[in-house]
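Hi there,

Here is the structure I promised to pass on to you. Please have a look at it, and read my notes below whenever you have a moment.

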Amino acid sequence: YNLAPFVPPIFKPAAGASQIGAVFTESADLLIPADTTAGGFYITNAWNSIIGNAASGGWAGFSFPNLFEPIGVSYSLPGMSIFNPSRRPTLEFDGNSVHSAGYYWSDTGCIYCGGNLYVDRNTNLYIYKSGRIGRATKYPNGTVAWMQFTNTKAFLCR
């Protein structure tokens, strides 16, 4: 049970005139490009129990960016370079609430599943694409699964 009050994006907030969004690259001013879409809860691994939280404001209250491979230290762990975190659905997302989010981009909202954070293997820089990028979620046994949100309340979002 956590509270995430208004969380302003760092740097220029991701926006765009369409669902394509914007692309940001790591720099001296922006170490983690996904900070342009800062939200109360930033969940790179949906395969967790996320229960009884409240988010207010931010680019999105709950953000589930796509990581098609682990980043940082996790990438170098044995077997992890072939793991795709974006393929996992929510283990449990229950009893959460969110309001007044999605101010910075008209195509985001209270809960955002999209975008893509990755490391460019040629430059070793983080790249973040904020636009709509789908994910094909599956249970660990390979069965197709949905991201499920139960007993969730969302209001006053774009």
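Let me start with a polar contact: a polar atom of the Asn66 side chain lies 2.9 Å from the backbone oxygen of Gly115. By polar contact I mean a pair of N or O atoms within 3.5 Å, where, within protein, one must be able to donate a hydrogen and the other to accept it, and residues adjacent in sequence count only if both atoms are side-chain atoms.

Before going on, please note that this is a predicted model, in which local features need pLDDT of at least 70 and side-chain atom pairs count only at pLDDT 80 or more, while totals for chains, interfaces and linings use all residues. Residues are numbered from 1 along each chain as its sequence is written, and side-chain values use heavy atoms, with hydrogens and water left out.

Back to Asn66, which sits in strand S6 (residues 62-66). Asn66 counts as buried because its relative accessibility is 0%; buried means under 20% relative accessible area, with a 1.4 Å probe and protein chains only. Beyond its neighbours within four places in sequence, Asn66 touches Ser86, Gly114, Gly115, Asn116, Leu117, Ile133, Gly134 and Arg135, a contact being heavy atoms within 4.5 Å.

Thr36 is another residue to look at. Thr36 belongs to the loop between strand S2 (23-25) and strand S3 (41-42), and its side chain reaches the backbone oxygen of Pro33 at 2.9 Å. With 0% relative accessibility, Thr36 also counts as buried.

Now the chain as a whole. The protein chain has zero helices and 11 strands, where helices (H or I, at least four residues) and strands (E, at least two) are DSSP runs numbered from the N terminus. Of its 158 residues, 39% count as buried. Among contacts with a separation of 6 or more, 69% come from residues 24 or more positions apart.

The largest nonpolar core has 13 residues, and Phe41, Ile43, Ile50, Phe62, Phe64 and Val98 have the most contacts inside it. Such a core is a set of buried Ala, Val, Leu, Ile, Met, Phe, Trp, Tyr and Cys residues joined through side-chain atoms within 4.5 Å. Leaving out neighbours within four places in sequence, the contacts of Val98 include Ala55, Phe62, Ile111 and Phe155.

Finally, confidence: the mean pLDDT (the predictor's confidence in each residue, from 0 to 100) is 86 for the protein chain, and 88% of its residues reach 70 or more. Among the elements, strand S1 (residues 3-4) has the lowest mean, 70, and strand S7 (residues 92-94) the highest, 97.

Best wishes

Methods:
Buried means under 20% relative accessible area, exposed over 50%, partly exposed in between (1.4 Å probe, protein chains only).
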